[in-house]
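Please examine the sequence and structure before reading the solutions.

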Amino acid sequence: MRILVTGATGFAGGHLVEALLAHGNKHILGVARQAVWPDVWSNLADRVELRSCDVCDRVALEAILRDLRPERIYHLAGYPHVGRSFQEPEAAWQGNLTATRSLYDAVTRWGGRPRILFVGSGLVYGESETAALGCDERCLLLPDNPYAASKAAADLMSYQTTRHPGLDIVRVRPFNHIGPHQSPQFAVSSFARQLAAIEHGRQTPVLETGNLQPRRDLTDVRDVVAAYVLLLERGRTGEVYNVGSGQTYAMQTVLDRLIALSGVTVEVQQKASLIRATDVAVIRANTDKLRRETDWSPRFTLDQTLTDTLAYWRGQP
């Protein structure tokens, strides 16, 4: 099986590559802006080829496709920053919509028939009427930030592309996923890194946070990428599937659990610059469709994920 992973050096991308290797896949090619595995994924450097390519560059991407002739493509590359998307909306639209269109155009011009997984976002549901009870795939898309809007547009374009020119695309909407290797630009990883730094005496016992009131559906990234693998095996062309735990936790609760795991005494300070212009109060995934059609279920509890995330940051210099 020849597999192409865009955004391979990212948080979910690296975990996906590891999962694919664990499933016995040997012909994996990663694509990223720079053909260098970052330190956090250095263990993959001698196992998976990585090529430099901006996915927005259709010509360069088409050349890679003709060379590799992938049978499966996992499209994870994209603009990842929800909060920053208010300050740089053009980058969000370019990274999420333009890059996705470039990939589909390149596949069409190449002429191959790979199965493609488009990775969208659960944030496309926004302030849905059923957000607190659990959004299923039939909920209206009500994105309230440039990141979510650009993901929603790419999601809809992915469906249209299965109709014409008829590419084999499965869509997925993951909700918040967390775990080892995640950038500290994201809340849970930021909490864990600060706690590890406080433990080691590299930071005063003051922990900075954004808004701790929103409730989020949190899933271990290793469970999320396991769903991605299952979806390219069993998902139906043109269909969309939510990935999430189905449970929500206030960010305050998550922080309290991390502090308890650490055992340090800290002062928590809310920082204005970390508060988003808009922030949905509650986001919960309904994953009945995913579970029914793929037999997926999460393996990691929240406490295990938080323990592993804190351990990861304790091991960083």
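**Exercise 1.** Determine which way the residues of strand E5 point and whether they are buried or exposed.

*Solution.* Arg115, Leu117 and Val119 point one way from E5, Ile116 and Phe118 point the other way, and all are buried (under 20% relative accessible area with a 1.4 Å probe, protein chains only; exposed is over 50%, partly exposed in between). In a regular strand, side chains alternate between the two faces of the sheet. Because five of the five residues of E5 (residues 115-119) are buried, the strand is largely enclosed by the rest of the structure. Strands are DSSP runs of at least two residues and helices (H or I) of at least four, numbered from the N terminus.

The model is predicted: local features need pLDDT of at least 70, side-chain atom pairs pLDDT 80 or more, while totals for chains, interfaces and linings use all residues. Residues are numbered from 1 along each chain as its sequence is written, and side-chain values use heavy atoms, without hydrogens and water.

**Exercise 2.** Identify the strands that pair with E5.

*Solution.* Pairing requires at least two DSSP bridges. Strand E4 (residues 72-75) pairs with E5 in the parallel sense over four bridges; Arg72 has Arg115 as its bridge partner. Strand E6 (residues 168-174) runs parallel to E5, joined by five bridges, and Phe118 has Arg171 as its partner there.

**Exercise 3.** Describe the surroundings of Asp168.

*Solution.* Asp168 lies in E6 and counts as buried because its relative accessibility is 14%. Beyond four places in sequence, Asp168 touches Arg113, Pro114, Arg115, Ile116 and Thr237 (heavy atoms within 4.5 Å).
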